[in-house]
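Here is a short briefing for a reader new to this structure. Please look through the sequence and the model, then read on.

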Amino acid sequence: MLSVVIVAGLHADARRAAVGQLLTEVPGSVALHHDLATAPAGTVVRTVRDASGVLSTGEAPLVNDCACCALREDLVPELERIQDAGTSPLAIVELWDSVEPKAMAEVITAGGLTVTGVVTAVDPALLLPCLGNGDDLAERGLAAAATDQRTVADTFARQLEYAPVLAVADSEEADDEDRELLVQMHPTARRVRIGSVGGWGELGPTDVSIDGRTEASTGLLPEADSDAPAAARAGAPSPDGHPPLARAALAGFDVEAAAAAQHPACALLPVEADAHGVSTLVWRRHRPFHPERLYAALEDLTCAAARSRGRFWLADKPDTLLHWDAAGGALCVESAGPWLASLPDAAWEMVPPVRRAAAALDWHPEHGDRCQHLVFTSPGLDRDGLAELLESCLLTDAEYAAGREAWRQLPHPFDTLLEV
């Protein structure tokens, strides 16, 4: 059966380097790429290549004037054709710049194929510039459809945080702060060092992290990892015959678990950290926000960190779990459905076990799973000032004592953001 690995990322040079390395590491593998930049001409150009060069090209017409829709329609049939040919053990799906891996992993799995890994390629020197870029994708010629309203920053953040494996380019421009920001944004990721962007084949063996902390080449790897297997440290093939990037990419992938890990109700958010000038503040409380005071502080909170995300609750909307997602100076606030505490007992049977487990960790004797759980990550983070601002947005003791019926009567400024 054909294995499928998705390689994503806005950093095109790093992405191509990762794909080239996989093609070399897994003999007989092919890479499938749909170039959405040709959409203005009415088609999406498809290319299939192996380690020696281009094998075939073709075109897929736009679907409803949407390049991403054309990709969705063409992707699974093309992968089935590669599988039916029986000559390739691995198909590497190299996504176009702004295409997000979550949607494509779900499309491929729904089509009956097996996604064995998702990799996002990163040039650490470009990490902060991308996170600080609030431009619309359309302004940069990166929109996947005419209705695409995403920004560079939020698209890059989702690409990065969804993938369990990060292929990190060896960049002379990157410093310890850049690498630490990458570590803190996605601490559970397995980071595999790939060659220099634009010349992946020019470097020596790949270094791979054993504990997921960072690449060995940065000097940030804890001393405890000196006991890691020599083959892994040196980048040599493991006993199963696969070098580090291939081994990480072929380790297996659970689409449902990956989606749950991104859902605001049970997301695996970053943890407290402070190193190399980068900090992560994890702020948790069991008292609701005053809607007006929080709304007035949104600009300051959004601009306080390169990346912030999490879940929160408002006093005037006690049954609604709200999602906080900020990058590039822009904030997205969305309803993520009800808090479990607001549901009747009979409805809990329809809730996925991972959601119930996450709620149990946050459970409060009075408020149930309702909580504030916001995480802010950035170089130069003013942790004390940020925490003080967040505290000032909570209900005061007197407001809290007034009770839920009084809370519901508070103004509703977030209705404009939630389109209520």
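In which sense do strand β6 and strand β7 pair, and over how many bridges? The two strands, residues 114-122 and residues 165-169, run parallel and share four bridges. This is a predicted model. The points below cover its sheet, its core, its aromatic rings and its cysteines.

**The sheet**

- Strands of a sheet pair through backbone hydrogen bonds, in either a parallel or an antiparallel way.
- Here eight strands build an open sheet, and the pairing is mixed.
- The strand order is β4-β3-β2-β5-β1-β6-β7-β8.
- Its edges are β4 (53-61) and β8 (190-194), each of which pairs on one side only.
- From one strand to the next, the twist averages 25°.
- Within the pairing of β6 with β7, Ala121 has Ala167 of β7 as its bridge partner.

**The nonpolar core**

- The largest nonpolar core counts 57 residues.
- Ile6, Leu79 and Ile108 have the most contacts inside this core.
- Helix α2 (residues 67-85) gives the most to the core, with eight residues.
- Which residues does Ile108 touch, leaving aside those up to four places away in sequence?
- The contacts of Ile108 are Val4, Ile6, Leu75, Val76, Leu79, Val93, Leu113 and Val115.

**Aromatic rings**

- A pair of aromatic rings is described by two values: the distance of the centres and the angle of the planes.
- The whole structure holds 10 aromatic pairs.
- One of the pairs joins Trp324 and Phe376 in an edge-to-face arrangement, with 6.3 Å centre to centre and 65° between the planes.
- Trp324 sits in strand β12 (residues 317-327) and Phe376 in strand β14 (residues 372-379), so their pair ties together parts that are 52 residues apart in sequence.
- Trp324 and Phe376 are both buried.
- Both also belong to a cluster linked by ring pairs, together with Trp283, Phe289, Tyr295, Phe312 and Phe414.

**Cysteines**

- A disulfide is a covalent bond between the sulfur atoms of two cysteines.
- How many disulfides does the model have? The count is zero.
- Cys68 is buried, at a relative accessible area of 15%.
- Cys393 is buried too, at 2% relative accessible area.

Conventions:
Residues numbered from 1 in each chain as written. Predicted model: local features only at pLDDT ≥ 70, side-chain atom pairs only at ≥ 80, totals over all residues. Heavy atoms only, no water. Pairing = 2+ DSSP bridges. Axes fitted to C-alpha atoms, helices over the stretch in contact; angles between N-to-C directions. Disulfide = S-S within 2.5 Å. Buried < 20%, exposed > 50% of the residue type's maximum accessible area, 1.4 Å probe, protein only. Core = buried A, V, L, I, M, F, W, Y, C linked by side-chain atoms within 4.5 Å. Contact = heavy atoms within 4.5 Å. Phe/Tyr/Trp six-rings, centres within 6.5 Å; stacked < 30°, edge-to-face > 60°.
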